[in-house]
Amino acid sequence: MENYTRNAKWREFQNRTRAGKKRREKGLRYGKLAVLLLLVLISGYLIKNLMIRAPEQEKETAPPGLVETKGPPELTKAELQPLISDQPYFKLARKNFIVNQNGNIYNISTSLNTDLQNYLLARLDRLKTLTRGKPRRIAFTVLEPDSGRIRAMAGFDLSDPQSNPCTASDYPAASLFKIVTAAAAVQEKGFTPKTPLFYNGGKYTLYKRQLKNTRNRYTRKVYFDDAFAGSINPVFGKIGQSMLGCEILDRYADNFGFNTPINFELEVEPSSMAILPEKPYQWAEVGCGFNKTTTVSPLFAAMMAGAVVQSGTMHLPILVESVIDVDDNTVYKAEPSVFKNAVSKNTADVLVQLMQRTVNRGTAKKAFKGYSRDPALSGLTIGGKTGSLYNRDHTIKYDWFTGFAKSKNNGKKLAVSVIVGHGKYIGTRASMHARMIFKEFFENHAVSEKQNKNQSSG
């Protein structure tokens, strides 16, 4: 019995010893885990407070005058204007040029097609040598309607040789405003090319008696497309006065961008149109363009034609493609942007038909005679609008053509405006200049233009 009791106590002692050992081992494990967790928490705290806050502390203790570098500054159009203002773009013969402003050197790249630009400059040089029929003022503006990129800008003004005649906005709009009136008649009154209209008297006069709804044996019937193509003043005067009125004319002028500043790399005054609610006869004058108060620039005239062929969308013009500084950083890059959504696509489609009628059967017919047999021009859809009006002093007869050409093959589009200020003798008409521009570009430069685009995009 004594031995058994001793053995039982020994086994109990051994069990207690083993249990204590297990408790100590378990406690040691938990202790290690607790220490490890504590180390992780301390490390996280140190990383958060030392590594993340290090830049702030460094910034706070940085020496005075030390500025953080964030890359080259980008130029806005407003900052670009004084940088490039000294360049004579209306006679620029190259695509790129260098500007040194206060020791900062920039490489300016334009959107000009140098081949077309130099073709027009050579044409202008020949015109300057004429003794009979030399223009007093002349301006060519050529742009791509789908981007607003200017492909050529050339001209001269004998009375002010340093001014840019392409951005001057003092030219009377004349019958170019019929584009706006026609757009309003189509979109607001449901006109179609074959809407019948009536007038009395001459085509190019605008007497108050011609604005009455008189029907007699002298009344002439004309369809809307022929009235537009023939630029018949009394028809458009009646549309402006009796069918549209002041409010609609003013709204559609705004839709096209009249009286609106153009965000462009060069300074250009807005094209202007003013109409008074209390003067119905003025509504007729504005509607047909028979006034000298509505003015446009050649740049804006090309934008109007571009809007028509671009389904009603008018893009802001682009002349400066990019600016690169001396460290080869691009500090300015042009991006196409919309200026105005002038009209709906359906209205623009009707305007395209009206402007085609002008070239085929209207006031530009003589200049474009036989173009359907020309190897280059026959592949184009061509439309336009002419206009003519003397200046206030009756010393210059302004002669307009603004229009478009679209390739039937690849859809390439071009918008052109030409204005010629004839002196004592009438020289080459604006519509004839436009024909030669279309032919020159699509015959000789359209392919190289596409190749240049592919190279630049690659």
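User: Why is Asp250 called partly exposed?
Analyst: In this predicted model, Asp250 has a relative accessible area of 37%. Buried means under 20% and exposed means over 50%, so 37% lands in between and Asp250 counts as partly exposed.

User: Where is Asp250, and what does Asp250 touch?
Analyst: You'll find Asp250 in helix H7, residues 233-256. Leaving out residues up to four places away in sequence, Asp250 touches Met273 and Ile275. Asp250 and Ile275 are 25 residues apart along the chain, yet their C-alpha atoms are separated by 7.0 Å.

User: Why is His394 called exposed?
Analyst: The relative accessible area of His394 is 54%, and exposed means over 50%, so His394 passes that mark. His394 is in the loop between S13 and S14, and phi of His394 is near 60 degrees, again a positive value in a residue other than glycine.

User: What is the reach of helix H10 against the expected one?
Analyst: H10 covers residues 345-361, which is 17 residues. From first C-alpha to last, H10 reaches 24 Å, close to the 24 Å expected at 1.5 Å a residue.

User: Which residues of H10 are buried, and what covers them?
Analyst: Among the buried ones are Thr347, Val350, Leu351, Leu354 and Met355, and Arg357 is on that list too. Their cover includes helices H5 (178-189), H6 (224-229) and H9 (298-309), along with strands S13 (380-390) and S14 (397-407).

User: How do you know whether H5 and H10 are parallel or oblique to each other?
Analyst: Look at the angle: H5 and H10 pack at about 130 degrees, with their axes 10 Å apart. Roughly perpendicular runs from 65 to 115 degrees and roughly antiparallel starts over 145, so H5 and H10 are oblique to each other. Their crossing is right-handed.

User: Which residues make that contact, and of what class are they?
Analyst: H5 brings Ile179, Ala182, Ala183, Val186 and Gln187, while H10 brings Thr347, Val350, Leu351, Leu354 and Met355. By class, that's eight nonpolar, two polar and no charged residues.

User: Why might residues three or four places apart in a helix point the same way?
Analyst: An α-helix has 3.6 residues a turn, so residues three or four places apart point the same way.

Note on methods: Residues are numbered from 1 along each chain as its sequence is written. This is a predicted model: local features need pLDDT of at least 70, side-chain atom pairs count only at pLDDT 80 or more; totals for chains, interfaces and linings use all residues. Side-chain values use heavy atoms; hydrogens and water are left out. Helices (H or I, at least four residues) and strands (E, at least two) are DSSP runs, numbered from the N terminus. The expected span of a helix is 1.5 Å times one less than its number of residues. Buried means under 20% relative accessible area, exposed over 50%, partly exposed in between (1.4 Å probe, protein chains only). Contact means heavy atoms within 4.5 Å. Axes are lines fitted to C-alpha atoms, for helices over the stretch in contact, and angles run from 0 to 180 degrees between N-to-C directions. Angles under 35 degrees count as roughly parallel, over 145 as roughly antiparallel, 65 to 115 as roughly perpendicular and the rest as oblique. A crossing is left-handed if the near helix is turned anticlockwise from the far one by less than a right angle, and right-handed if clockwise. Ala, Val, Leu, Ile, Met, Phe, Trp, Tyr, Cys and Pro count as nonpolar, Asp, Glu, Lys and Arg as charged, and the others, Gly among them, as polar.
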